[in-house]
Amino acid sequence: MLKINRIGIFVVIILSLILSACGRNNTHFQEKSINEENQKISDNYENTENDLIIVTSFYPIYVFTKNIAHDIPGVKVINMTEPQTGCLHDYQLVPADMKTLEKADIFVINGAGMESFLDKVMSQLPDLRIIEASLGIPLLKDDNGEENPHVWVSISGAINEVHNIAEGLAALDSKNSAKYIENSEEYVKRLEALKDKMHDALKDIKTKDIVTFHEAFPYFAQEFGLNIVSVVEREPGSEPSAGELAATIKAINDSRVKVLFAEPQYSTKAAEAIASETGAKVYILDPVVTGPKDAAPDSYEKTMEENLKVLVEALYD
Ligand SMILES: [Zn+2]
């Protein structure tokens with residue numbers, strides 16, 4: 001027994017020497033500095049008994065991050081913007097936002113150009129750690145060649161963003177990394193089930209051509225094989241000009257599109273005008289950019305379930 005133990009200890013010592021030597025030789029400089037930074041974050045909120053404050057830029061990112069950080073002691077998720085703000089295309093930071101960000105340890109954003117104020121944040125708070133949910137996800141481009149940031153509107157996109165956020169949080173807050181990954185896997189399982197359910201319900205749709213408002217739905221359309229014939233208001237909240245309206249009406253009449261999808265966040269005035277000129281019907285699809293202040297963990301799923309009902313009604317006609 002004694003002999004075996006001695007050999008065992010010897011093996012452990014040799015192994016740990018080899019491992020530490022490997023670690024030293026193979027650790028990439030950047031990795032090492034990230035690890036040192038991680039240590040700092042964990043130490044900070046542990047030693048001072050402060051919470052780790054994760055700030056999110058807007059509603060969908062807030063819902064995803066809340067699921068990922070669910071039930072982790074000492075970790076707090078705060079949404080920077082009001083939950084009714086909608087997409088952040090032209091959002092201007094208000095002083096309260098900078099105050100929120102000053103308290104933040106980590107800022108989780110959608111990225112892909114959605115947060116147009118990001119440069120300002122990075123120059124004023126150069127030490128703020130930023131996680132970009134859309135990082136590495138192939139982006140669709142609009143007619144003007146600009147990248148479309150509305151990745152989360154497709155469930156596959158949402159799943160990719162959840163993975164990105166979870167991996168980012170796990171890397172920055174090593175103390176809780178296992179929990180972030182575990183929560184995200186549980187959440188992704190629910191999202192996968194929802195995706196399957198939607199694919200199943202929409203697999204035999206007869207109508208595939210649709211018209212939408214604001215550039216929120218290309219990823220969603222791609223996921224479910226829909227063809228967006230025209231987008232009425234490219235800039236959210238802006239009313240289309242008479243010329244744009246006429247072009248849309250022509251496109252709808254030419255393609256015999258029967259359904260228009262407006263959004264709950266914006267006025268349906270233009271949609272109704274187009275509907276009366278074309279005989280197409282107006283339905284409401286929600287790109288999950290707004291919601292209640294204290295978002296429930298299943299807020300995204302609930303909204304998508306509602307969207308599914310609308311799609312089934314609109315596209316099986
Ligand atoms: Zn948008």
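**Close-up 1. Glu 263 in its loop.** Glu 263 sits in the loop that runs between β7 (259–262) and α10 (269–278). The model is predicted. Glu 263 has a relative accessible area of 2%, so it counts as buried, the cut-off being under 20%. Beyond its neighbours within four places in sequence, Glu 263 is in contact with Phe 213, His 214, Ala 216, Phe 217, Ile 284, Leu 285 and Pro 287. With one of these, His 214, the side chain of Glu 263 makes a polar contact of 2.8 Å.

**Close-up 2. The zinc ion and its donors.** His 214 is also a donor of the zinc ion, through NE2. Angles among the four donor atoms are 100 to 118°, and the site is tetrahedral. Along the chain, the donor residues follow the spacing C-x1-H-x60-H-x63-H. His 150 and His 214 link distant parts of the chain, 64 residues apart. His 150 belongs to the loop between β4 (129–132) and α6. His 214 belongs to the loop between β5 (209–212) and α8 (218–224). Both histidines are buried.

**Close-up 3. The nonpolar cores.** The largest nonpolar core holds 74 residues. Phe 107, Trp 152, Phe 220, Phe 261 and Tyr 300 touch the most other members. Helix α6 (residues 155–172) gives this core its largest share, eight residues. Domain 1 (34–195) and domain 2 (204–285) each supply at least three residues.

Key
Residues numbered from 1 in each chain as written. Predicted model: local features only at pLDDT ≥ 70, side-chain atom pairs only at ≥ 80, totals over all residues. Heavy atoms only, no water. Helix = DSSP H or I, 4+ residues; strand = E, 2+ residues; numbered from the N terminus. Buried < 20%, exposed > 50% of the residue type's maximum accessible area, 1.4 Å probe, protein only. Polar contact = N/O pair within 3.5 Å; in protein donor to acceptor, adjacent residues only side chain to side chain. Contact = heavy atoms within 4.5 Å. Core = buried A, V, L, I, M, F, W, Y, C linked by side-chain atoms within 4.5 Å. Domains from an automatic or database assignment. Donors = N, O, S within 2.8 Å, 3.2 Å for Na, K, Ca; no water. Tetrahedral: all angles 85-135°; square planar, octahedral: opposite > 155°, others 65-115°.
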